[in-house]
Amino acid sequence: MSSTDIDTDTDIDTMDWNPTALDEILSNGAGRPVLFTNARILTMDPLIGTMTGADLLFVGSLLVGVGPGIITAAQDDNAIVVDCTGMTIAPAVVDTVALAGGRGHRSEYVATLTPGNTPDFLVVPDELAADVPSAVATLMARPEQVRALVAAGRPVLWTGSDVPGRATAPEAGIPAAEDLTGSPRVGVWIDRHDFLHQELTADGRYDETRGGRPHAYQGRYWIDGDRIDYLDDLGFWAYGEFQGDELHHAGYVMKLG
């Protein structure tokens, strides 16, 4: 058989991979559990390790179970079942420090397929996923061979193609300033010790006074939810986070003055 024949056969198999399950996941508005079953799972968790013939169960954006035997409750729980026979599931977000042995404690590992974490994972044919790096390499070099890429419980790729309605990356580049007139976050934020005064203006500019020294730092800012990003006129980036009526930035806790 030629290599062309092999690729063609693989493409046919890929096109037939769990189409009904995908439709159910995309239309899942009632919070039904989703179960990827009968897979080899590379959890990247040093306690759980790698499992074969195992299941991965999540509800919404929370991974709630991993291991063999979960399928037995699928019907009871009205779960959406995705058959992963011959497939390997691997984390889609890779902790390269952990891969290199640089984490001293299990609690320091990030992005593992551990119950309680976010279901960000890849489903790749076994022969293309000997380990986590090769599974990720398949996504980057041969995305048409990826059966599923799931981010926070929502499919992004399925059988190598974009899923309808998938999230898309923001446009690269520095965004234009927004008109923040009327925003409750516009004003002068002052830290607990009256050292830092950070003024956020409605035209998307900030101006800091530090220890009585005016205009210590100035630049642009953008607010996305509770996150604020700063681009200083000197060229460096920084960020802060709104927590209730407080603004946390670079070790300072500020409130509107």
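Colleague: What covers the buried residues of helix H4 in this predicted model?

Modeller: The cover includes strands S1 (34–42), S5 (87–91), S6 (121–125), S7 (148–151) and S8 (154–158), together with helix H3 (96–99).

Colleague: Which residues of H4 are called buried, and why?

Modeller: In H4, residues 132–141, they are Val132, Ala135, Val136, Thr138 and Leu139. Buried means under 20% relative accessible area, so each of these five falls under that cut-off.

Colleague: Why do you say that they line one face of the helix?

Modeller: Looking down the axis of H4, the buried residues fall within an arc of 150°, so they line one face.

Colleague: Which exposed residues does the face turned away from the buried side carry?

Modeller: Met140 and Ala141. Exposed means over 50% relative accessible area, so both of them are above that value.

Colleague: What radius of gyration does the protein chain have, and what would a compact globule have?

Modeller: The protein chain has 24 Å, whereas a compact globule of 257 residues would have a value near 18 Å. The C-alpha atoms fill a box of roughly 75 × 40 × 40 Å along the principal axes.

Colleague: How many of the residues in the whole chain count as buried?

Modeller: Of the 257 residues, 36% do. The secondary structure of the chain comes to four helices and 17 strands.

Colleague: How many positive and negative side chains are there, and where do their centres lie?

Modeller: There are 16 positive and 38 negative side chains, with the centres of the two sets 7 Å apart.

Key:
Residues numbered from 1 in each chain as written. Predicted model: local features only at pLDDT ≥ 70, side-chain atom pairs only at ≥ 80, totals over all residues. Heavy atoms only, no water. Helix = DSSP H or I, 4+ residues; strand = E, 2+ residues; numbered from the N terminus. Rg over C-alpha atoms; globule rule 2.2 N^0.38 Å. Buried < 20%, exposed > 50% of the residue type's maximum accessible area, 1.4 Å probe, protein only. Lys, Arg positive; Asp, Glu negative; His and termini not counted. Charge placed at Lys NZ, Arg CZ, Asp CG, Glu CD. Arc of directions from axis to C-beta. Contact = heavy atoms within 4.5 Å.
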